[in-house]
Amino acid sequence: MLTLASFVLALGLLIAIHEYGHYRVAVACGVKVLRFSIGFGKTLYRWQPKGSSTEFALCAFPVGGYVKMLDERESPVPEGERHLAFNNQPLRSRVLIVAAGPVANLLLAALLYAAVNWSGVEYPAAILASPEAGSVAQQAGVVGGERVQRAGFADEELQSVASFEDLRWLLTRGALEGQDVRLELTTPGRTDTSEVLLKLAGMDASEANADLFHKIGVVGPHTRPVIGEVMAGSAADKAGLRDGDLVRQVGSRPVLDGQQLRQLIRASVVNGKAVPAAWKIDRAGTELEIIVTPEVRQEGELAVGRIGAYVGAIPELVTVRYGAIDGLWRGVTRTWDVSLLTLKMMGKMLIGEASVKNLSGPLTIADFAGKSAAMGLTQYLLFLALISVSLGVLNLLPLPVLDGGHLMYYLWEGVTGKPVSDAWMETLQRGGVAILFLLMSIALFNDITRLFG
């Protein structure tokens, strides 16, 4: 129920903001707006403010919306109102009206990011966990436990890193944009800094998923290797592990953090069978040695070890909060960065350098809406900001059925001095519908594969 409610709320809000952008600029440009509708289908509620020519409506299917303006191309317009018709407005006014919808979504995203920056959020500290064997981070010399002080692309000035979330975003951009990332690190017990270069430019980053971070070697923040929430009857329970046990060593391998411990447990299966290992643990100051035999679980074609307990303590947390100006500026820059990354990924998908599996449809969006809402208001606001950016960028694409398609027509009109012919417009509209339907079909297929595959 929470998933459905949060999804409908998100969709309704983002559509309303988008259409309000069109509506507000149309009124400012002197265009008569006949109807402002959220959703399609049967009208559930309608009202018309006194003295207004616009009817506002809420319809049964909130999967879109529209602003219906007076337009001679759709129906006859009285002579006395021809100057109020959209089609009779100067080119600059039509451009502003059409662009206002996507721009409203981008402005909303910037404000949502800013609101999160102003309110303050607790994030894991930017302390690196043990990198996976063969990963980019391990090859760069990361061992685990280092704190990231500053970071940036290889050819840019390093910037301070406030949290692990900042680091994850930079690594995501670096991998997807094909740029190496420099990290300035400090190690526990030392005040001097060192620098490492993560060579992300040459790695395969066709999909933005969990495997991407496994390849980079920065999967999560550093955590102490503590056992928690032991399930009854599990391998951990049978071995005698308890909540709060601090794991010092597995076999001959010293354990530095929770990430390394999880890797050792996963890798404990050889030829389909779990290999027992002697674990040295610290239990309330007392050192013990326990033999642990993980359970074998299948993950696709791969057999991995599991112990049936939560592995790793809560990471060190930092509160990230910014002032009015800095928080707003960071909201604007995050919106800009996400927009550029979205466009670059779309471009890479178009030329085959990125997988179409990156496309997400309504089922995935609904799933993330529910999960983010369950995690609290802050995560839900961040989800809304991300979807608002996506909606703004999508609508600016030069597809004839989208706002970007109409802007493409106006560009042609501005260059040639005459509008696109009706015949060409009809052909382009059909092509745009076909392309949009194909993209939606791929996104829906990806949704089903992710959620039910």
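In helix 7, residues 258–266, the buried residues are Gly 258, Gln 259, Gln 260, Leu 261, Leu 264 and Ile 265. Before going on, note that this is a predicted model.

What covers those buried residues of helix 7? The cover includes strand 8 (227–228), strand 9 (246–250) and strand 10 (253–254). It also includes strand 13 (277–283), strand 16 (302–306) and strand 17 (310–311).

The N-terminal end of helix 7 is capped by Asp 257. One of the side-chain oxygens of Asp 257 lies 3.2 Å from the backbone nitrogen of Gln 259.

**Two helix pairs**

Next, helix packing. Helix 4 spans residues 164–177 and helix 8 spans residues 324–351. Their axes are 10 Å apart, at an angle of about 30°. Angles under 35 degrees count as roughly parallel, so helix 4 and helix 8 are roughly parallel to each other. Their crossing is left-handed.

On the helix 4 side, the residues that meet helix 8 are Asp 166, Trp 169, Thr 172, Arg 173, Leu 176 and Glu 177. Helix 8 brings Arg 334, Asp 337, Val 338, Leu 341, Lys 344, Met 345 and Lys 348. Sorted by class, that contact has seven charged, five nonpolar and one polar residue.

The second pair is helix 2, residues 91–119, with helix 11, residues 403–416. Here the axes come within 9 Å and cross at roughly 160°. Are these two roughly parallel or roughly antiparallel? With the cut-off for antiparallel at over 145 degrees, helix 2 and helix 11 are therefore roughly antiparallel. This crossing is left-handed too.

From helix 2, the contact takes in Leu 91, Arg 94, Val 95, Val 98, Ala 99 and Pro 102. These meet Asp 403, His 406, Leu 407, Tyr 410, Glu 413 and Gly 414 of helix 11. By class, there are seven nonpolar, two polar and three charged residues in the contact.

**The chain overall**

Now the wider view. The chain has twelve helices and 18 strands. Of its 453 residues, 43% count as buried. Taken along the principal axes, the C-alpha atoms fill a box of roughly 90 × 45 × 40 Å. Among contacts with a separation of 6 or more, 63% are between residues 24 or more positions apart.

From Val 433 to Ala 278 is 155 residues in sequence and 62 Å in space, C-alpha to C-alpha.

Terms used
Residues are numbered from 1 along each chain as its sequence is written. This is a predicted model: local features need pLDDT of at least 70, side-chain atom pairs count only at pLDDT 80 or more; totals for chains, interfaces and linings use all residues. Side-chain values use heavy atoms; hydrogens and water are left out. Buried means under 20% relative accessible area, exposed over 50%, partly exposed in between (1.4 Å probe, protein chains only). Helices (H or I, at least four residues) and strands (E, at least two) are DSSP runs, numbered from the N terminus. Contact means heavy atoms within 4.5 Å. A polar contact is a pair of N or O atoms within 3.5 Å; within protein, one must be able to donate a hydrogen and the other to accept it, and residues adjacent in sequence count only if both atoms are side-chain atoms. Axes are lines fitted to C-alpha atoms, for helices over the stretch in contact, and angles run from 0 to 180 degrees between N-to-C directions. Angles under 35 degrees count as roughly parallel, over 145 as roughly antiparallel, 65 to 115 as roughly perpendicular and the rest as oblique. A crossing is left-handed if the near helix is turned anticlockwise from the far one by less than a right angle, and right-handed if clockwise. Ala, Val, Leu, Ile, Met, Phe, Trp, Tyr, Cys and Pro count as nonpolar, Asp, Glu, Lys and Arg as charged, and the others, Gly among them, as polar.
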